[in-house]
Amino acid sequence: MKVFANLAKPYMVWMTLFIVIPMLLIVLFAFTTHGNSVLAFKFTLANFGKFFDPVFLKVMLKSMEVAIITTLLCILIGYPIAYVIANVKEQWQTLLMLLITIPMWINMLVRTYAWISILSDSGLINSFLAYLHMGPIKMMYTDFAVILGMVYNFLPFMILSIYTALAKMDKAVINASYDLGANGTQTFLRIIFPLSLPGVISGITLVFLPAVSTFIIPKFLGGGQYMLIGNLIENQFITVGEWNFGSAISLIMAMIIMGSMYLTRRMDKDIVEQAQSAHGGAKW
Amino acid sequence: MVGSKNRFLFGAILIGTVLFFFYAPIMSLMIFSFNNSRSLTAWAGFSTQWYTALFNNREMMNAINTTVLVAVMSTFISTAVGTLTAIGISKSRKIIREIVINVNSFPILNPEIVTAIGLMLLYSSLSIEKGLLTMLLAHIIFSTPYVILSVLPKLRSLDPDIAEAAMDLGATPMQALRKVIVPLILPGVISGALIAFTMSFDDFVISYFVSGNGVKNISIMVYTMSKRINPSINALSTILVVIITLVLLVINLLPLLKKKEVRGVE
């Protein structure tokens, strides 16, 4: 089958040039100083040192905080939704999941932009409140607006991922639990929930990753002053022109994301192993 | 009985609330695209003036053209490259397969902004001027891994001897590829192409960093215009939402139609 193996060769060159080299360039820029020319670089750690300035550390912490709150909210809202959908009739499941996924196909900027006219000081919510003779509430350019925008954009991923885990669950296991005398709460806590955890975990990665790196949502709903790590990177590359510092921040962000994905994967493995040993242990 | 009724009600309210949360912003966006004033909150009567404004706006029409052109070309190229590569690595040694799959997963796992600045640094290091071509190239680069990922499982479930059988029976490798392998993995190729198309069509982050010289796609257009309220964005968004919903309906109905066709043939 040598003939066909050759088909992979051009892509190996392509991938080196367009995937591997750009990654290496980010690392190179992060550790060097001086201008935008590759040929005249000097090695330095200053770009990373700069990041530990309290101003930038605060941005980092804020991004983590917002991303974690968003992820938690997505689990809290997404789990019950996925659970309800997984328990209705089959035709309804298909229809409801289609309805949940349609917004995912609509341009993220458009979806986020739509919230501006709802949340703004003279927006739909405040117009409605004024009609009820209630004072305007400041919503735009707050943490609330940013987190709302993130939950709005990323919740479908969480629902989809938990729903997949719940839908492919072996119904016989649940029936067995009832047959053996467990009530609804016990069955949920000890059988259904543990078995659905892989779905929750893949949902966490699907939500946390974009939430920590997005710069559109904070820019649209948080305003020009609202800085998350994505905005910081964008600023360095587009406005300030500090490509080296920008590369260093991106590298740190990529490391954090890789690290948290590694941790969640390990957690996933631990959970599966625990569930398996619990399974074994239950066979008294 | 009362318990199950309450549970049903609770479930229905929950789903209803979330669907309202998902669709209310999209609905308000669509409704106010027909507003007879600039306001996005106060209704001033029905009009299609923003649609007229949209079609008379040269910049916006250019953005639409760019988006469609880049999406079609990058889908075409990345689907071809991705499919051939997937076939290639499925017949390659394990180590090569592992390397390609792992390197491929970088653009998929990395945040878009990291891929974007990587490409931006590459272009500027090679002093390539940013424009339409750099955007197109970037789209091909980030779409191809998804095509490979969607074709590979189909190849795995393929009988490994089937291409050999075709060639033993006198087919050239090209014929074996065209008439035997590709038709068998076609569902994977099509879903790969669909992913590539939607990724390209909706992309903002990567396009934003790698294009220049006034080359804008729809997303970049929305991004630059969002600072001042312009209902033409709503008009454009409404058109996009309608097209996407129609496409999704067709895709979801197509399997049903196909089933009928097969039955007809029988």
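## Exposure in the loops

A residue is buried if 20 or more other C-beta atoms, placed from the backbone, lie within 10 Å of its own, exposed if 12 or fewer, and partly exposed in between. A:Tyr141 has 18 C-beta neighbours inside 10 Å, so A:Tyr141 counts as partly exposed. This is a predicted model, in which local features need pLDDT of at least 70, side-chain atom pairs count only at pLDDT 80 or more, and totals for chains, interfaces and linings use all residues. Residues are numbered from 1 along each chain as its sequence is written, while chains are lettered from A and ligands numbered from 1 in the order in which they are written.

Let's stay with A:Tyr141, which sits in the loop between α7 (124-131) and α8 of chain A. Helices (H or I, at least four residues) and strands (E, at least two) are DSSP runs, numbered from the N terminus. A:Tyr141 is not a glycine, yet has a positive phi of about 60 degrees. Most residues other than glycine have a negative phi. In chain B, B:Ser127 also has a positive phi, near 40 degrees, and lies in the loop between α5 and α6. B:Ser127 counts as exposed because 8 C-beta neighbours lie inside 10 Å.

B:Gly45 belongs to the loop between α1 and α2 (49-56) of chain B. With 8 C-beta neighbours inside 10 Å, B:Gly45 counts as exposed. Ten residues separate B:Gly45 from B:Asn35 in sequence, and their C-alpha atoms are 5.9 Å apart.

## Chain B as a whole

Chain B has eleven helices and zero strands. Its radius of gyration is 23 Å, whereas a compact globule of 266 residues would have one near 18 Å; the radius is taken over C-alpha atoms, and the globule rule is 2.2 Å times the number of residues to the power 0.38. Along the principal axes, the C-alpha atoms of chain B fill a box of roughly 75 × 70 × 40 Å.

Of the 266 residues in chain B, 39% are buried. Two residues are in contact if their C-beta atoms, placed from the backbone, lie within 7 Å. Among contacts in chain B with a separation of 6 or more, 77% join residues 24 or more positions apart.

## Two helix pairs

How do α4(B) and helix α6 (residues 132-156) of chain B pack, at what angle and how far apart are their axes? The angle is about 120 degrees and the axes are 9 Å apart. That makes α4(B) oblique to α6(B); angles under 35 degrees count as roughly parallel, over 145 as roughly antiparallel, 65 to 115 as roughly perpendicular and the rest as oblique. Axes are lines fitted to C-alpha atoms, for helices over the stretch in contact, and angles run from 0 to 180 degrees between N-to-C directions. On the α4(B) side, B:Asn104, B:Pro107 and B:Ile108 meet B:Phe142, B:Pro145, B:Tyr146 and B:Ile148 of α6(B).

In chain A, helix α4 (residues 54-86) and helix α8 (residues 143-167) pack at about 45 degrees, with axes 7 Å apart. α4(A) and α8(A) are therefore oblique to each other.

## Where the chains meet

The contact takes 59 residues from chain A and 58 residues from chain B. Elements giving two or more residues to the chain B side include α1 (2-31), α8 (173-202) and α11 (231-265).
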